[in-house]
Amino acid sequence: MTQRLHLVFGGELIDPSKNAFKDIEAIDIVGMFPDYDTAYNAWKGAAQRTVDNAHMRYYIAHIHRLRDEEKESSPTEELDN
């Protein structure tokens, strides 16, 4: 069975109308979650904690969409050194 991993992360943006972070090193990694519902609840909690800061944004990244296990991997994914 394929896992449907989701990463929840966020941080302060340079401009609230764009998706560029002010300080990459200050990104808040909330966590990795096994399903969308759990990730959504974590995202919602983080977003609500920072609701007073218009520059703060949290996102859900669908990690399972980054890879297709049925496709042959690219050379850069085969770095087993």
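Residues are numbered from 1 along each chain as its sequence is written. Because the model is predicted, local features need pLDDT of at least 70 and side-chain atom pairs count only at pLDDT 80 or more, whereas totals for chains, interfaces and linings use all residues, and side-chain values use heavy atoms, with hydrogens and water left out.

Helices (H or I, at least four residues) and strands (E, at least two) are DSSP runs, numbered from the N terminus. Helix 1 has 14 residues and spans 20 Å from its first C-alpha to its last, close to the 20 Å expected at 1.5 Å a residue, where the expected span is 1.5 Å times one less than the number of residues.

Ala-39, Ala-42 and Ala-46 are the buried residues of helix 1, buried meaning under 20% relative accessible area, exposed over 50% and partly exposed in between (1.4 Å probe, protein chains only). Seen down the helix axis, these buried residues fall within an arc of 65°, so they line one face of helix 1; the arc is that of the directions from the axis to the C-beta atoms. Strand 1, strand 2 and strand 3 (56-62) are among the elements that cover them, while Asp-37, Asn-41 and Gln-48 are exposed on the other side of helix 1.

The largest nonpolar core has 5 residues, namely Val-8, Phe-33, Ala-39, Ala-42 and Ile-60; such a core is a set of buried Ala, Val, Leu, Ile, Met, Phe, Trp, Tyr and Cys residues joined through side-chain atoms within 4.5 Å. Leaving aside neighbours within four places in sequence, Ala-42 is in contact (heavy atoms within 4.5 Å) with Val-8, Val-30 and Phe-33.

**Aromatic pairs**

A search of the whole structure finds 5 aromatic pairs, for which the ring centres of Phe, Tyr or Trp (its six-membered ring) lie within 6.5 Å, with planes under 30 degrees apart counted as stacked, over 60 as edge-to-face and the rest as tilted. The rings of Phe-9 and Phe-21 have their centres 6.2 Å apart and their planes at 55°, so this pair is tilted. It links distant parts of the chain, with Phe-9 in strand 1 (residues 6-12) and Phe-21, 12 residues away, in the loop between strand 1 and strand 2 (28-33). Ring pairs join Phe-9, Phe-21 and Tyr-59 into a cluster.

Tyr-40 and Trp-43 form another tilted pair, at 5.4 Å centre to centre and 35° between the planes; being 3 residues apart in helix 1 (residues 36-49), they are separated by about one helical turn.

| Residue | Relative accessible area | Class |
|---|---|---|
| Phe-9 | 18% | buried |
| Phe-21 | 15% | buried |
| Tyr-40 | 32% | partly exposed |
| Trp-43 | 26% | partly exposed |

**His-64**

His-64 is placed in the segment after strand 3 and counts as buried at 18% relative accessibility. Its side chain reaches the backbone oxygen of Leu-5 at 3.2 Å, a polar contact being a pair of N or O atoms within 3.5 Å, of which, within protein, one must be able to donate a hydrogen and the other to accept it, residues adjacent in sequence counting only if both atoms are side-chain atoms. Not counting residues up to four places away in sequence, His-64 touches Gln-3, Arg-4, Leu-5 and His-6.
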